[in-house]
Amino acid sequence: MAVLTQKKKKHNFFAGPAILPAQVLEQAAASVVEFEGMGLSLLEISHRSKQFVAVMDDAFAMTKSLLNIPDNYEVLFLTGGASSQFFMTAMNLLPEGGKAGYLNTGTWSNKAIKEAKLFGEVLELASSKEQGFNHIPKGFDIPKDLNYLHLTSNNTIYGTQLQSFPNVEMPIMCDMSSDIFSRPLDIEKFGLIYAGAQKNLGPAGTTLVIVNKDLLGKVQRAIPTMLDYRTHIAKASSFNTPPVYPIYVCMLTMKWLKENGGVAAMQTRNEQKAAMLYGEIDRNDLFAGYAHTDDRSRMNVTFTMKDDSLEAKFLEMAAEADCVGLKGHRSVGGLRASIYNALEPSSVEVLVEVMQTFGKQFG
Ligand SMILES: Cc1ncc(COP(=O)(O)O)c(C=O)c1O
């Protein structure tokens, strides 16, 4: 069977769906043909078969062990994308007459705010909108009577990232879609964490939710069965047919993560990759970083060319060196290199070489 080896692979800087480890793709491809000697594809078996239940159990166990998740938290693999968590968070956790505080750091926070407003009072505590979301607001007040604080840990589009999480009395609800598993976390600070899988975890189609179950059941409103976290907790994410293949691939990615030293090792590797790339952006006169230095993301590196007219030429040269996915998000333009866990440092080296060569030719 033909498989895509690391040797043949392009340097994948897409923001999501995004790069997955080569060994994960190989195993995932093989399991589509035949799963564990069953004479059947993984795609053809019941989600209630013992073989698939074992996959689910591994996915839960891996998540808990990689992120050191305490026993009063539940791990769920849901559908509906991170976008459904924008409303599910508030529907399940913002009590009637309650108040939630949101930090607006970009498009995704903005969408989360809009949905939460359907369920109660929402305070936008601070926003960097006026500055094109190029930094994370600091020094804003966090009222003590909030039911929760909502944060977006990494702003995929703008390339900003929270370097740490505030110490607050109320639980933090956090959209970690684009940096989950990129660094160790103190889970107890969070009431709920959600992440669409398709950036740092697996393919599109499932959303990881980690929730402190002690916070559930405190709202009076009627919640449709499928949108109630308690439904999915009670049925181990198999109340209805779960997205079997995405969950399987997430499980394989987490195994790869574990074999490669877990989230602490990923943090070191991600910091090294980011330092290499930001170093070149700062050194090379043709490029400028987009985000404030202190808030720079270690997952999505956003930058521009000081002379816009050179951008197409740069992308062409990058493509010749097999570097793909470098165009910035359509809403901000410029360039963006997503350097998720699975991206090898050697891919960043290739990109840096292209930037240097380009600098020599056009600088
Ligand atoms: C930080 C963040 N939150 C939420 C989303 C939306 O995720 P989904 O497409 O899974 O709904 C994205 C998607 O790019 C994202 O980057």
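This is a predicted model: local features need pLDDT of at least 70, side-chain atom pairs count only at pLDDT 80 or more; totals for chains, interfaces and linings use all residues.
In the largest nonpolar core, which has 88 residues, the members touching the most other members are Leu-67, Phe-165, Phe-181, Leu-277, Phe-287, Phe-314 and Leu-351. A nonpolar core here is a set of buried Ala, Val, Leu, Ile, Met, Phe, Trp, Tyr and Cys residues joined through side-chain atoms within 4.5 Å; buried means under 20% relative accessible area, exposed over 50%, and partly exposed in between, with a 1.4 Å probe and protein chains only. Helix H6 (residues 244-259) gives the most to this core, putting in 10 residues. A second, separate core holds 26 residues, including Leu-76, Leu-78, Met-91 and Leu-93.

Residues are numbered from 1 along each chain as its sequence is written, and side-chain values use heavy atoms, with hydrogens and water left out.

Now for the overall picture. The protein has 9 helices and 14 strands, taken as DSSP runs numbered from the N terminus (H or I, at least four residues, for helices; E, at least two, for strands). Its radius of gyration is 21 Å, close to the 21 Å that the globule rule gives for 363 residues, so the protein is as compact as a globular protein of that length. That radius is taken over C-alpha atoms, and the rule is 2.2 Å times the number of residues to the power 0.38. The C-alpha trace spans about 65 × 60 × 30 Å along its principal axes. Of the 363 residues, 55% count as buried. Take the contacts between residues at least 6 apart in sequence: 66% of them join residues at least 24 apart.

As for charge, there are 35 positive and 38 negative side chains, and the centres of the two sets lie 2 Å apart. Lys and Arg count as positive and Asp and Glu as negative, with His and the chain ends not counted; each charge is placed at NZ of Lys, CZ of Arg, CG of Asp or CD of Glu.

The loop between helix H5 (229-234) and H6 holds Ser-237, and Ala-236 sits in the loop between H5 and H6 too. Ser-237 counts as buried because its relative accessibility is 3%, whereas Ala-236 is partly exposed at 39%. Leaving out residues up to four places away in sequence, Ser-237 touches Met-56, Phe-60, Val-75, Leu-76, Phe-77, His-232 and Pro-242. Leu-76 is also listed in the second core.

Ala-236 has a positive phi, near 50°, despite being a residue other than glycine. Asp-322, also not a glycine, has a positive phi of about 65°; its place is in the loop between helix H8 (311-320) and strand E13 (323-324), and a relative accessible area of 34% makes Asp-322 partly exposed. A cis peptide bond joins Gly-16 and Pro-17, with omega about -5°, and Pro-17 lies in the loop between strand E1 (11-12) and helix H1 (22-33).

Finally, Lys-189 is in the loop between strand E8 (172-175) and strand E9 (190-196) and counts as partly exposed, at 23% relative accessibility. Among the residues Lys-189 touches is Phe-165.

Technical notes. Contact means heavy atoms within 4.5 Å.
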